[in-house]
Amino acid sequence: VPRTTPPSRFEIIRTVMRNPLELWGEPSFRLEWLKTRFFNERTLIVNHPGLVRHVLVDNAQNYKMATIRQMVLRPILRDGLLTAEGETWKRSRKAMAPVFTPRHARGFAEQMLEQSRAFTGRYETAAANGEVRDIAVDMTELTFDILSATLFSGQVAGTEAEFAGDIDRLLSTMGRVDPMDLLKAPSWVPRFRRMLGKPILAKFRAIVEETMTRRQALMQTDPQNVPEDFLTLLIGLQGPDGLSFDEIEDNIITFIGAGHETTARALGWTLYCLANSPQDREKVEAEIDEVLAREPDPVKWLDLMPWTRAAFEEAMRLYPPAPSINRAAIADDSWDNGKGETVTIEAGTTILVMPWTLHRHTKLWDRPEAFIPSRFLPENRGAIDRYQYLPFGVGPRICIGATFALQEAVIALGVLLSRFRFDCTDATKPWPMQKLTTQPEGGLPMRVTRR
Ligand code: HEM
């Protein structure tokens, strides 16, 4: 029912706390840009690929991280790449670029395969009994296993289960917007979530620090037996032109935070979309069966499985794990659409580039609400503008883990779908909800059977 009165401040706060995706109504999926006021702040919603390019690429230096990300994530991630700004960000991004090359991602393919196989091994009984499982939870477990193996070869100080539990508690306490932040209450007004999270964060940081110290000692005393993982690569970046010990710690925490729930969400949504589109699922299964029978090297799968990759990319179009990329304008700016219309952007304006609206925009996509993986097959991709599909962002701050995530997804889907089939049940009614990532409200209960 269309509203006749604007929502009250209280209703807006309630929606932001519950599910910000519900803020965006029909005009946000139809208009190329939209100026509004949000908690008294000038806000510009950007849906035009040219304007996306302007704010995230061509004039990116005029746009800094929006305050909300800084308030929520900075206390946890400090100077990690996701929340660093200015010179610290520049130096860190440059120092870490060599760790994220496709060559290194390929080096992690075997680990990804091994962890995916170990995971399916644990799934066999459930599948034999046709159990209904919460796939959202299971995918988080799988991507955590992969991250833990590639980041520190499972050699974490303390137990991995405890470590995973701490991350969950940390994100559910500190990793959320506090209503006091939205109301711009003075800093002395207590933020209860952040207070509750503080001791968990301190414990978590102590474990990461201990893990780093032990590895550093091993690198000095027994260099022959040092595992080749992210931790070793990152510790090797220490130095006057590189990173400090604290910055490496911040980045490890950032990779844990940014690097597993995102991929888990995308995998879960892919399985859900495929279950609702049996013809596409058949194509993906046939492709996987054919490739696994002839190509044991998982490094090659990303190129050999265009349907699997396309299904994953199409699921990220409909359910982008990072639904909103926010910035704040530093100085006044403007952009001309080439048709005589100019968008003026005053300093301080909050910019929302939302994959959520951009990826379902009625002017940009044919049948935007439909799951059509063939859009992303190599022969059709040319029709998609570089700036209309942004699951990993674009420009200088594009996701540094994108290649890693794509390779991980194709390997995990290859292993899972070669053995199991995932089907919806009457209870599968996921409603996309924005927490830190786009997650299914009510989980993703699905029936797993052996193929
Ligand atoms: C940045 C999405 C996986 C680490 C970003 C951004 C997006 C994104 C949209 C840009 C944010 C912005 O411009 O404000 C995703 C999605 C993933 C994924 C959808 C999985 C499907 C990963 C993985 C890692 C990672 C696996 C690390 C191992 C990072 C880091 C940044 C980032 C460190 C900050 C980069 C910078 O500011 O220089 N990610 N990500 N992400 N991502 Fe990812």
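Which protein residue is the donor of the iron atom of the ligand? Before I answer, please keep in mind that this is a predicted model, in which local features need pLDDT of at least 70 and side-chain atom pairs count only at pLDDT 80 or more, while totals for chains, interfaces and linings use all residues. Residues are numbered from 1 along each chain as its sequence is written, and side-chain values use heavy atoms, with hydrogens and water left out.

The only protein donor of the iron is Cys-399, through its SG atom at 2.3 Å, where donors are N, O and S atoms within 2.8 Å of the metal (3.2 Å for Na, K and Ca), and sites may look incomplete because water is not among the atoms. Cys-399 sits in the loop between helix H17 (355-358) and helix H18, helices being DSSP runs of H or I with at least four residues and strands being E runs of at least two, numbered from the N terminus.

A polar side-chain atom of Trp-89 lies 2.8 Å from a ligand oxygen, and a backbone N or O atom of Ala-258 lies 3.5 Å from a ligand nitrogen.

Conventions. Polar contact = N/O pair within 3.5 Å; in protein donor to acceptor, adjacent residues only side chain to side chain.
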